[in-house]
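Welcome! Take a moment to look over the sequence and the model, and then we can walk through some of its parts together.

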Amino acid sequence: MEIIVIRSSRKTMTLSVNDELNAVVKAPLLTPKSVIDNFVQKHQSWIERAIENKKRAIEKTSLTDEQINNLMVLAKDVIPKRVEYYSRLMGLKPTGIKITKAKKRFGSCNQNNSLCFSVFLMQYPDYAIDYVVVHELAHIKHHNHSRDFYNLIEQYLPDYKDRERTLKKS
C-alpha cells in the first residue's frame, strides 16, 4: 500500500482510500512529515478496513455486460415500486426516477427532486434498497444531511443505521 500525501491550503488532515487502494492523506501545506506519519500510524486499522471495503465495492461493480443488463431489468422493476410505496407513506413525490450504472453512489436527489439509483444497488438485500429509497426521498424535504433529515428517515426506518452499515461493509 502506498501513502499519497496531498498538501494544500487547508486547516485539517483527512484520510481516504482511492480506487487504486492507496491511502490518501490531505494535509495543510506546512505539516511536518512526522505529524503525517503519526496520523497514518494512528489510523492504520481504519485504513485496513477501508481498503477491504473498497475491494468489495470494486468486486460488486466488476460485472459482465450481461450481468449488468440483468441487474438493470431487475432494478427497473423493483426500484420504482419501492419509491412509489415509500413516496405515498412519506408524502414526498419525486419529479422523476432514473436507474444508472453509477459505481460511486447508490442514489442521489437533484435540485429538481428527481431521484437516481444505481443498478448495483440490486446486489444488496431488500432492506438496504429500502434505506436508499427512503434516504433519497428524504432529500426532497431536506436537501442536506442535517439532524432533521435523519430524524425523518428514522420515522420510517427506525433501524436505518443498521441498514446503512450493510451498504458500507459490503
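## A residue in helix α4

Let us begin with alanine 138, which touches Met90, Leu92, Phe149, Leu152 and Ile153 when residues up to four places away in sequence are not counted. Keep in mind as you read that this is a predicted model. Alanine 138 belongs to helix α4.

Is alanine 138 buried or exposed? Its relative accessibility is 0%, and because buried means under 20%, alanine 138 counts as buried.

## A residue in a loop

Next, find asparagine 113, in the loop that connects β5 (107–109) with β6 (114–118). With a relative accessible area of 18%, asparagine 113 is buried, since the cut-off for that word is under 20%.

Which residues does asparagine 113 contact, leaving aside its neighbours within four places in sequence? They are Pro94, Thr95, Gly96, His139, Ile140 and His143.

## An open sheet of three strands

Now turn to the sheet in which three strands are arranged in the order β1-β3-β2. This sheet is open, and its pairing is mixed. At its edges stand β1 (3–8) and β2 (14–17); each has a single partner strand, so one side of each has no neighbour in the sheet. On average, neighbouring strands here are turned by 20 degrees against each other, with direction ignored.

Looking at one pair in detail, β2 and β3 (residues 23–28) are joined by four bridges in the antiparallel sense. Serine 16, for instance, has valine 24 in β3 as its bridge partner. A helix comes in here too: α2 lies across β2 and β3, and runs at about 35 degrees to β2.

## The largest pocket

Finally, have a look at the largest pocket, whose volume is about 850 Å³. Its lining is made up of 30 residues, and those that lie nearest the centre are Lys103, Lys104, Arg105, Phe106 and Leu167. Two or more lining residues come from each of α2 (44–61), β5, α4 (126–141) and α6 (160–169).

Which element gives the largest share of this lining? That is α2, with seven residues.

Terms used: Residues numbered from 1 in each chain as written. Predicted model: local features only at pLDDT ≥ 70, side-chain atom pairs only at ≥ 80, totals over all residues. Heavy atoms only, no water. Buried < 20%, exposed > 50% of the residue type's maximum accessible area, 1.4 Å probe, protein only. Contact = heavy atoms within 4.5 Å. 1 Å grid on protein atoms, 1.4 Å probe; cavity = no way out; pocket = protein on both sides within 12 Å on 5 of 7 lines; lining within 4 Å. Points joined across faces, edges and corners; volume = space filled by probe spheres on them. Pairing = 2+ DSSP bridges. Axes fitted to C-alpha atoms, helices over the stretch in contact; angles between N-to-C directions.
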